[in-house]
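Dear colleague,

Please find the structure below, handed over for your records. My findings follow directly after it.

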Amino acid sequence: MDSVWTQTAHIPRFEPLTSDLKTDVLIIGGGMAGLLCAYRLSRAGIDYALVEKGELCGGITKNTTAKITAQHGLIYDRLIRRFGEEKARLYLEANRSALEDFRTLSREYDCDFEEQDSFVYSLGDRRKIEKELTALQKLGVDADAPEHLPLPFSVAGAVRFPRQAQFHPLKFAAGIARDLRIFTHTKVLELSPGKAVISGGTITAGKIIIATHFPFLNKHGGYFLKLYQHRSYVLALKNAPLTDGMYVDEAKKGLSFRRYHDLLLLGGGSHHSGKKGGGWRELESFAREHYPDAQIVSRWATQDCMTLDDIPYIGPYAKNTSGLYVAAGFNKWGMTSSMAAAGILSELVQGKPHPYAEVFSPSRSILRPQLAVNAAHSAAGLLTPTVPRCPHMGCALKYNPEEHSWDCPCHGSRFSEDGTLIDNPATDDKQL
């Protein structure tokens with residue numbers, strides 16, 4: 001099934017680019033991050049163009065749960081311990097600013113924007129909650145710890161951020177996209193400094209932003225080691241108890257809850273892409289037990305690029321790639337991260353400094369424990385002797401019987417049963 005967003009919104013259609021083009025800034029990727037970059041540059045009067053190989057917002061964006069919040073799990077205790085209070089505060093400010101930008105822009109478009117409190121809960125570790133509250137106090141955040149949540153199970157504790165938000169991402173995207181310079185069904189075949197080759201010609205650009213979910217240039221930046229992908233699932237339930245608020249487990253494999261009109265959106269079943277996990281079966285079992293009268297009206301899945309240290313990569317693609325920029329690794333928080341990325345990159349491509357750029361710099365240290373885990377996954381996939389192989393870097397693909405797809409456990413590329421590319425970083429179909 002499609003997500004409730006694709007069932008209830010109409011995205012404007014755009015024509016492909018079939019000739020040469022010269023522009024100051026080229027944006028590659030038509031998801032929320034690329035779209036917001038285009039919007040920002042348009043409002044700044046900068047000459048730009050956005051190209052998307054498929055339809056606008058036809059990749060990960062259409063499958064989000066569409067929470068807009070600066071509360072990204074129990075992240076602030078970790079950020080203070082890793083980077084200190086100042087960088088943690090800048091990360092907080094960047095996402096608060098993104099929330100406010102969404103709040104302002106949503107007044108112009110009918111996108112079902114609603115203020116909602118956001119909650120992160122822990123099933124069994126009250127100490128994690130207390131540590132996060134201490135961190136938030138240091139940062140001056142207006143947060144508290146409710147004793148009980150309106151969920152069908154007990155929790156050890158929770159942290160509440162008031163006045164966060166949720167919305168309809170595709171209605172929002174449709175609103176801001178209409179007057180932008182966008183070319184869909186325009187695939188970049190080759191990228192070199194200042195140039196992008198497409199099937200219909202060549203795009204010459206002073207600056208290039210890669211906003212393709214997973215960066216596709218392997219020879220720069222080391223993103224194939226700095227990122228892995230995490231797959232998760234959603235059920236839209238009718239006749240389930242509804243409550244205000246957005247709820248998510250602090251554990252990566254936990255459940256999330258939010259409502260959309262008369263539907264409860266139940267998320268979870270997560271796993272490393274290309275590995276086994278609970279999937280929709282896990283969610284269906286939970287719904288049968290706790291919401292026996294509920295009816296499943298939609299189901300969908302998505303996947304998120306996860307970084308080594310919980311902070312997205314936003315900024316220059318690599319130290320030696322002048323004029324090339326990236327936005328990736330949103331760690332399950334794609335909406336606020338997309339807006340933060342647009343704010344940062346729209347300034348950097350104009351040669352202006354940005355107060356949050358250092359925090360999100362893709363060239364920061366990679367010496368994190370997750371690096372060894374990512375390397376081990378890649379090595380295992382490369383050394384597995386089975387076929388078929390992923391065209392991205394040659395890892396052995398695994399068949400996903402639940403979604404009837406071939407998935408790469410190394411970097412998260414996915415292909416249909418006939419070999420059609422579904423999710424990147426692979427850029428081409430696979431002969432099966």
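**Cysteines and a helix pair**

C395 and C410 are linked by a disulfide, S to S 2.2 Å (a disulfide being a pair of cysteine sulfur atoms within 2.5 Å). The model is predicted, so local features need pLDDT of at least 70 and side-chain atom pairs count only at pLDDT 80 or more, while totals for chains, interfaces and linings use all residues. Residues are numbered from 1 along each chain as its sequence is written, and side-chain values use heavy atoms, with hydrogens and water left out.

The structure holds one disulfide. The torsion about the S-S bond of C395 and C410 is about -100 degrees, so this disulfide is left-handed. C395 sits in the loop between α11 (369-383) and β17 (398-400), and C410 in the loop between β18 (405-407) and β19 (414-416), so the pair ties together parts 15 residues apart in sequence. Helices (H or I, at least four residues) and strands (E, at least two) are DSSP runs, numbered from the N terminus. Both C395 and C410 are buried, meaning under 20% relative accessible area with a 1.4 Å probe, protein chains only.

C111 is in no disulfide; the nearest cysteine sulfur, that of C57, is 13 Å away. C111 is buried, at a relative accessible area of 1%.

Turning to the helices, the axes of α4 (residues 85-105) and α9 (residues 334-348) come within 8 Å and cross at roughly 95 degrees; axes are lines fitted to C-alpha atoms, for helices over the stretch in contact, and angles run from 0 to 180 degrees between N-to-C directions. That makes α4 roughly perpendicular to α9 (65 to 115 degrees).

Yours sincerely

How values were computed. Parallel < 35°, antiparallel > 145°, perpendicular 65-115°, else oblique. Buried < 20%, exposed > 50% of the residue type's maximum accessible area, 1.4 Å probe, protein only.
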